[in-house]
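Some features of a protein model take practice to read.

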Amino acid sequence: MPLLEGKTALVMGVANRWSIAWAVAQAVVREGARLILTYQGERQKKTAEDLGASLKASKILPCDVGRDAEVAGLFDSLKQENVRLDVLVHSLAFANREDLERPFHETSRDGFSLALDVSAYSLVKVAHHAAPLMSEGGSVVTLTYLGSTRAVKNYNIMGVAKAALEASVRYLASELGPQGIRVNAISAGPIKTASARAVKDFSSMLAAVEQKAPLRKNTDPAEVGDAAVFLASHLARGITGEVLFVDGGYNIVGL
Ligand code: 1JT
């Protein structure tokens, strides 16, 4: 029996076929969910529409989470069409490139605000709008990284943003739990997405993980997709406010 039969999943953050959100979209469709995709802007429109069509997505809508009006507009349009949501996947983040390269103490006020706004506040905002559509309860899943709790070289402001994101997961889980809405994060190992490609020395990081992780391999986006299916499904009905590591065990190893 498919794990998400009869459920509707909104997946935010598909930019291209290397996106973690795309691996999640494929996994939820494989498990029988109806898929709604959002993409950030004009530049991503064609790609999102092509990818969405290949999975028979029922809707492919624009939503730049940095703009309140676009977030409100997205959920208004879903409400208009009487969409009941069961699953919300938040798989997006942003930081200025120089903030991932220069020393962390050089982070500008604007760079700090931007990274936290797009990468952490956006979860609060979309959960706020999604909750009323989750009339039969639901599951919110976001993506995080180990740099939230460890000072990982170069991750810098994104680590601070992920710490805020993980704390937001706990507050949202606490407040939305009484409505049957669970909120969890997946802490993925490093994955070579388009965003990660822009990071210097990313390939050497992948090599280090391959050597040190208990499973001696890097994280495959499909592993994240499957974990998201689990968290979205009835199998995870007792789990909320949690950070689930999908990183080949890298986070448990000491020096
Ligand atoms: C962003 C970027 C968020 C890269 C990200 C990210 N979350 C994980 N990665 C990959 C990564 C990046 C670094 C790293 C480890 C993993 C790019 C900009 C947009 C937001 O350092 C050890 C730097």
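This is a predicted model: local features need pLDDT of at least 70, side-chain atom pairs count only at pLDDT 80 or more; totals for chains, interfaces and linings use all residues.

Q: How is a pair of aromatic rings described?
A: By the distance of the centres and the angle of the planes. A search of the whole structure finds one aromatic pair. Tyr145 and Tyr155 form this pair, with 4.7 Å from centre to centre and 65° between the planes. Planes over 60 degrees apart count as edge-to-face, so the pair is edge-to-face.

Q: Where in the chain are Tyr145 and Tyr155?
A: Tyr145 and Tyr155 are both in the loop between β5 (138-144) and α5 (157-176), 10 residues apart.

Q: Are Tyr145 and Tyr155 buried or exposed?
A: Buried means under 20% relative accessible area. Tyr145 has 13% relative accessibility, so Tyr145 counts as buried. Tyr155 has 18%, so Tyr155 counts as buried too.

Q: Why do residues three or four places apart in an α-helix point the same way?
A: Because an α-helix has 3.6 residues a turn. In helix α7 (residues 202-212), the buried residues are Phe202, Leu206 and Val209. They fall within an arc of 60° when seen down the axis of α7, so they line one face of the helix. These buried residues pack against α6 (194-197).

Q: Which residues come nearest to the ligand?
A: Of the 14 residues around the ligand, the nearest are Val152, Lys153, Tyr155, Val199 and Met205. An N or O atom in the side chain of Tyr155 is 2.8 Å from a nitrogen atom of the ligand. For Lys153, a backbone N or O atom lies 3.4 Å from an oxygen atom of the ligand.

Notes
Residues are numbered from 1 along each chain as its sequence is written. Side-chain values use heavy atoms; hydrogens and water are left out. Rings of Phe, Tyr and Trp (its six-membered ring) pair if their centres lie within 6.5 Å; planes under 30 degrees apart count as stacked, over 60 as edge-to-face and the rest as tilted. Helices (H or I, at least four residues) and strands (E, at least two) are DSSP runs, numbered from the N terminus. Buried means under 20% relative accessible area, exposed over 50%, partly exposed in between (1.4 Å probe, protein chains only). The arc is that of the directions from the helix axis to the C-beta atoms. Contact means heavy atoms within 4.5 Å. A residue is near a molecule or strand if one of its heavy atoms lies within 4 Å of it. A polar contact is a pair of N or O atoms within 3.5 Å; within protein, one must be able to donate a hydrogen and the other to accept it, and residues adjacent in sequence count only if both atoms are side-chain atoms.
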